[in-house]
Amino acid sequence: MNIRLSTDFLTGLLFCSLGAIAIIIGAKYPLGTAARMGAGYFPLIVSIGLIILGGILLARSFLTETEEVGTVDPRPVLVLLASVLAFGFLIEDWGFPLAGLVVVVGASLAGRGFKPVETGLLAVGLVIFCTLLFSYGLGLNLPGTHLRW
């Protein structure tokens, strides 16, 4: 059997692997029942769904002609990973608003066609929206978001 490295095949393999790993890790948590869910119930359901989706993609890769995997550009993944890590390191010291600006600008730099004005407006809008929603609406204590009068 000749297995082609198509996007469906690799995605299906990734989904099945992640689902299996999540089931193994979540095996320690109690399941409970559908009416009274334990800590492991929802991760198990999501993992099973991920394995089913991965199985469908694997089967599709054998039955139909799908797109072959081309060259992979690591720059977007590395820039995104760096911006998320920067958010995690900066949120305690700089506060949520500045760390949020850094992660939005970093995510925008990962894509093609960086537009500074649009990115700045998007970053400010998202930070304001998230601050209002999570800090004031839901009452979460995000660093640097509560104004003291």
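**Fold and helix packing in the predicted model**

Of the contacts (heavy atoms within 4.5 Å) in the chain with a separation of 6 or more, 60% join residues 24 or more positions apart. The model is predicted: local features need pLDDT of at least 70 and side-chain atom pairs pLDDT 80 or more, while totals for chains, interfaces and linings use all residues. Residues are numbered from 1 along each chain as its sequence is written, and side-chain values use heavy atoms, without hydrogens and water.

The chain has five helices and zero strands. Helices (H or I, at least four residues) and strands (E, at least two) are DSSP runs, numbered from the N terminus. The C-alpha atoms fill a box of roughly 70 × 45 × 20 Å along the principal axes. Of the 149 residues, 21% are buried, that is, under 20% relative accessible area with a 1.4 Å probe, protein chains only.

Helix 3 and helix 4 pack at an angle of about 175°, with axes 8 Å apart. Axes are lines fitted to C-alpha atoms over the stretch in contact, and angles run from 0 to 180 degrees between N-to-C directions. The two helices are therefore roughly antiparallel, a term for angles over 145 degrees. Residues of helix 3 in this contact include L90, I91 and W94; those of helix 4 include F96, A99 and V103.

The largest nonpolar core comprises six residues: L90, I91, F96, A99, V127 and L142. Such a core is a set of buried Ala, Val, Leu, Ile, Met, Phe, Trp, Tyr and Cys residues joined through side-chain atoms within 4.5 Å. Helix 3 (74-94) and helix 4 (96-110) each supply at least two of its residues. Leaving aside neighbours within four places in sequence, V127 contacts F96, P97, G100 and L101.

Key:
Buried means under 20% relative accessible area, exposed over 50%, partly exposed in between (1.4 Å probe, protein chains only). Angles under 35 degrees count as roughly parallel, over 145 as roughly antiparallel, 65 to 115 as roughly perpendicular and the rest as oblique.
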